[in-house]
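Here are my notes on the structure you asked about. They are meant for someone opening the file without any background on it.

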Amino acid sequence: MQKIRYTLLIVAMFISIDAFTQERNLVQVVVGNEGNFGAGNATLTNFMVESGNATDGVFLSANGIGVGDVLQSLSWYDGQIYAVVNNSQKIVILNDQTFEQEGQITLPEGASPREMIKVSESKAYVTDLYASLVHVVDLQTKTLTETTIPAGLNADRMIRYQDHAYIANYGFGADSTIFKVDITTDAVVDTFTVSRGPAGMQVDAQGTLWVVCAGYAGDFDENFNLIPGTSKPGGVHGIELSTGQKTSFAEIASAGTDLALVESENKLYLNTGGLRSFDIETGAFSPDTLVKGSFYALGYEEENEAFYLADAKDFSSRGDVIVYNESVAQADTFQAGIIPGSFLFIYDDMLNTSLQTADKVTGFGLGQNYPNPFNPTTEIQYSIDQPGNVKLEVFNITGQKIGELVNERQTAGSKTVQFDGTGLSSGFYIYRISTPAGSISKKMTLIK
């Protein structure tokens with residue numbers, strides 16, 4: 001009898017684990033296209049994984065204006081995309097489904113924001129390249145605080161690990177330091193010295209910080225001739241964060257600023273004349289470049305172990321993104337905007353999180369459509385507490401409006417409206433109610 005009880009317990013444990021294990025699926029890839037400096041032609045490209053369709057200019061389509069001048073990087077927090085627009089001194093906050101702008105963080109005149117990372121539920125850091133400091137953002141009010149953190153020369157990339165943030169002082173190769181910051185006090189508590197031009201960083205399961213250093217091109221005389229002996233190599237460094245000790249180093253002449261960590265292989269991948277791997281265990285680079293070419297940026301999508309390589313072409317026409325699978329075989333390609341430079345991978349659980357808005361907001365409410373999934377029709381219920389103007393719209397996942405179900409002044413009470421998806425392709429769609437009291441968005445799925 002005791003043996004049977006143990007067996008049942010083990011089975012129950014497996015059932016319990018399986019019940020709470022959910023597969024994470026990549027839904028879309030948002031590409032930040034820098035555009036040309038001073039031209040204000042930065043764009044966002046949205047690539048839908050299931051259909052393989054890529055749409056450039058989704059922010060422009062959703063808002064009627066461009067995103068700004070030089071879109072430097074993208075990040076995602078709590079259902080919103082934060083687009084760091086370097087030469088416009090701002091961070092644009094937009095809906096991760098419709099791409100409509102929902103806010104903006106304005107930096108001081110002359111600022112040069114590069115990257116934003118969330119360090120706590122209420123706080124984020126933003127590097128400022130030319131001011132050589134880090135701004136602190138209040139995520140509750142979505143404004144800059146008065147606190148700034150001193151950094152080295154041309155602070156750029158950052159990463160958070162446990163109670164600290166690590167700031168790479170890139171310096172375009174003229175600096176070689178990484179600052180360790182206590183995220184509770186916003187104080188620099190340690191400095192690591194590495195090769196010239198520290199940039200992309202990753203932390204592995206053993207708590208080792210890996211950083212790729214781009215190297216230093218060297219000094220030039222008044223005739224733009226390289227002064228011999230002034231150029232410095234880059235490389236890959238490993239730093240054990242519990243002790244601050246360097247555990248590994250491999251020199252390389254020069255490299256890009258992106259670094260990918262593939263834990264299952266114990267390898268790093270970097271962009272140096274193409275995609276090249278570095279073995280964490282042996283501390284050596286692969287003897288050959290796995291994917292040869294001149295790529296502007298590298299993004300790594302960990303769920304499918306896929307590499308996204310950006311080809312900026314002539315830096316004035318639209319670029320391409322080439323996708324390679326875990327076997328480093330070309331799996332896909334799509335066209336992006338001018339100078340694709342950053343990637344944001346959006347998964348189904350992120351979209352679900354962003355849609356977990358309360359069904360009832362003061363003054364109005366929006367129910368989940370039924371049935372869901374549907375084919376080809378479904379009903380949407382909503383309610384308003386007071387008479388007023390109501391708008392109910394439907395968008396595809398790229399943010400393009402495909403239907404307007406309600407747009408009128410209505411009396412208070414519960415309402416039901418039908419949506420017909422005849423003529424539309426299978427996939428996710430967003431429906432949104434807007435009233436003077438605010439708006440709520442929800443997701444529905446059409447399956448044919």
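1. Basis. This is a predicted model, in which local features need pLDDT of at least 70 and side-chain atom pairs count only at pLDDT 80 or more, while totals for chains, interfaces and linings use all residues. Residues are numbered from 1 along each chain as its sequence is written, and side-chain values use heavy atoms, with hydrogens and water left out.

2. Sheet 3-2-1-29. Four strands make up an open sheet in the order 3-2-1-29, with antiparallel pairing. Strands here are DSSP runs (E, at least two residues), numbered from the N terminus, and two strands pair if DSSP finds at least two bridges between them. Strand 3 and strand 29 (340-347) are the edges; each has a single partner strand, so one side of each is left without a neighbour in the sheet. Neighbouring strands are turned by 20 degrees against each other on average, direction ignored. Axes for such angles are lines fitted to C-alpha atoms, and angles run from 0 to 180 degrees between N-to-C directions.

3. Asn46 faces Thr55 of strand 3, and Thr45 stands opposite Asp56 of strand 3. Four residues lie between the two strands, and Gly52 in this hairpin has a positive phi near 75 degrees.

4. Sheet 34-33-36-37. Another open sheet of four strands has the order 34-33-36-37, and its pairing is antiparallel. At the edges are strand 34 (401-410) and strand 37 (438-446), each of which pairs on one side only. The twist from one strand to the next averages 15 degrees.

5. Strand 33 and its two partners. Strand 33 (residues 388-396) runs antiparallel to strand 36 (residues 427-435) and is joined to strand 36 by six bridges; Glu393 stands opposite Arg432 in strand 36. Eight bridges join strand 33 to strand 34, again antiparallel, and here Leu392 is opposite Val406. The hairpin of strand 33 and strand 34 has four residues between the strands, with Gly399 at a positive phi near 95 degrees.

6. Which strand is largely enclosed by the rest of the structure? Strand 27 (residues 318-324) is, because six of its seven residues are buried. Buried means under 20% relative accessible area, exposed means over 50%, and partly exposed is in between (1.4 Å probe, protein chains only). Strand 27 pairs antiparallel with strand 26 (residues 306-311) over five bridges, with Leu309 opposite Ile322. Six bridges join strand 27 to strand 28 (residues 330-338), which also run antiparallel, and Gln335 in strand 28 is the bridge partner of Asp320. In the hairpin of strand 26 and strand 27, with six residues between the strands, Lys313 takes a positive phi near 55 degrees. In the hairpin of strand 27 and strand 28, with five residues between, Val328 takes a positive phi near 55 degrees.

7. Rings. Rings of Phe, Tyr and Trp (its six-membered ring) pair if their centres lie within 6.5 Å; planes under 30 degrees apart count as stacked, over 60 as edge-to-face and the rest as tilted. By this rule the count is 13 aromatic pairs. Tyr77 and Tyr82 have ring centres 5.4 Å apart and planes at 55 degrees, so this pair is tilted. Tyr77 is buried at 12% relative accessibility, and Tyr82 is buried at 2%. Ring pairs also link Trp210, Phe278 and Phe285 into a cluster.

8. Second largest pocket. The second largest pocket holds about 350 Å³ of space. Of the 17 residues lining this pocket, Met48, Ser51, Ile397, Ser426 and Gly427 lie nearest its centre. A pocket is an open set of points on a 1 Å grid over the protein atoms alone where a 1.4 Å probe fits, with protein on both sides within 12 Å along at least five of seven lines; lining residues have an atom within 4 Å of a point. Volume is the space filled by probe spheres set on the points, which are joined across faces, edges and corners. Strand 36 gives the largest share of the lining, three residues.

9. Glu281. Glu281 is in the loop between strand 22 (274-279) and strand 23 (284-285). Is Glu281 buried or exposed? Glu281 is exposed, with a relative accessible area of 65%.
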